[in-house]
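Please look through the sequence and the model below. The text then takes up a sheet and a ligand site in turn.

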Amino acid sequence: MRVPLLDLREQFAGLKDEILKEIGEVCDSQMFILGKKVEKLESEINEYCGTKYSCGVTSGSDALIIALMVEGIGAGDEVITTPFTFFATVGAIARVGATPVFADIDPATFNIDPLKIEEKITKKTKAIIPVHLFGQCADMDKINAIAAKHNLIVIEDACQAIGSEYRSRRAGSMGHYGCFSFFPSKNLGCFGDGGIVTTNDAERYEKLKIFRNHGQGAHYIHKYIGGNFRLDSLQAAILSIKLRELDKWTEGRQRNAAIYTRLFAASKLGGRVTPPALADFPGRHIYNQYCILVADGRRNELKQYLTDNGVGCNVYYPLCLHEQECFRSLGYKKGDFPVSEKTSEEILALPIYPELQTEQLEYVVSTIEKALC
Ligand SMILES: *Cc1c(COP(=O)(O)O)cnc(C)c1O
């Protein structure tokens, strides 16, 4: 049996006629940048995320960069975030010239630990970027309380978390900004790069729109130095079609997660494998990834065994950001963030996409049992 980590072909087959028709319409109009399709997507995303305003941009990475730019965050400023995330979170901070400052994660959720944030705040701190990793929201009540107390901006990195909830509030609606990615392998993916920034603040929204178009207010009159962060009409048109299916896909991912958890509990694996712990999480996990922890230093061995036996799997992320060569000048060393480092050694993502069949999930767990027991 073969169980790929992700296969989007079945999803596309079901929507192919509708998507090709929309692509044809955009081509007939010869309007490719921003425009009505992007505006339509922006209002649909507002409805979906429970936000007032959205600004379609070129990628999730640029969503983070433009939010930092609108706040005027740059050289001499510090931004607190997690060392256990995709590179772009930290790359965005460095790209605007600010200094990333790390706080370790909670071992149960893999998200930034609010108890470790306050000790990192200095006079230079301007913002916190919590990441809703793998589709599960960070502890936003506590993070927002710390931010309010110290007058900091909160930029949610919701690139893996569209539709995820924390106490019934959607990802992207809780901070000053929410940043989303439509990279093809995200839960809502387009056919190239794309992203969106959400906000509930009218002034920030007006600035976002100006910054995404080279800081241009009126034609050729530049109020700020922005950039080309504009979303394509084609991508927006495709995303509008796919957004209608998103809750159905999320239910499929949640169903698969529940099946995995039941199969692990019934297996002989015991403490060798720890599935995601959700008992105390007050929200909706959308499972951009379903990640297990593998004990006894056997993660790499298991990854190889699964790969050899037709099961796709991957490590997100094998090296924490504070250990990356490009951030050496920040002065961190191995051992500084023990929870993140331990997680990066033990974590393994398993196939979770909605079209998987129960027999495939059974095969994944029985193969893990063969490898480790
Ligand atoms: C994917 C991702 C990004 C970047 O999104 P792109 O659209 O690929 O630029 C940023 N942060 C996190 C946590 C991501 O998973």
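Two strands count as paired if DSSP finds at least two bridges between them; helices (H or I, at least four residues) and strands (E, at least two) are DSSP runs, numbered from the N terminus. This is a predicted model, in which local features need pLDDT of at least 70 and side-chain atom pairs count only at pLDDT 80 or more, while totals for chains, interfaces and linings use all residues. Residues are numbered from 1 along each chain as its sequence is written, and side-chain values use heavy atoms, with hydrogens and water left out.

In the order β10-β12-β13, 3 strands form an open sheet with antiparallel pairing. Its edge strands, β10 (273-274) and β13 (347-350), each pair on one side only. Strand β12 (residues 290-294) runs antiparallel to β13 and is joined to it by 4 bridges. Opposite Ile292 stands Leu348 in β13.

An oxygen atom of the ligand lies 2.8 Å from a polar backbone atom of Gly60. In the side chain of Gln160, an N or O atom is 2.8 Å from an oxygen atom of the ligand. For Lys186, a polar side-chain atom is 2.8 Å from a ligand oxygen atom.

Key:
Polar contact = N/O pair within 3.5 Å; in protein donor to acceptor, adjacent residues only side chain to side chain.
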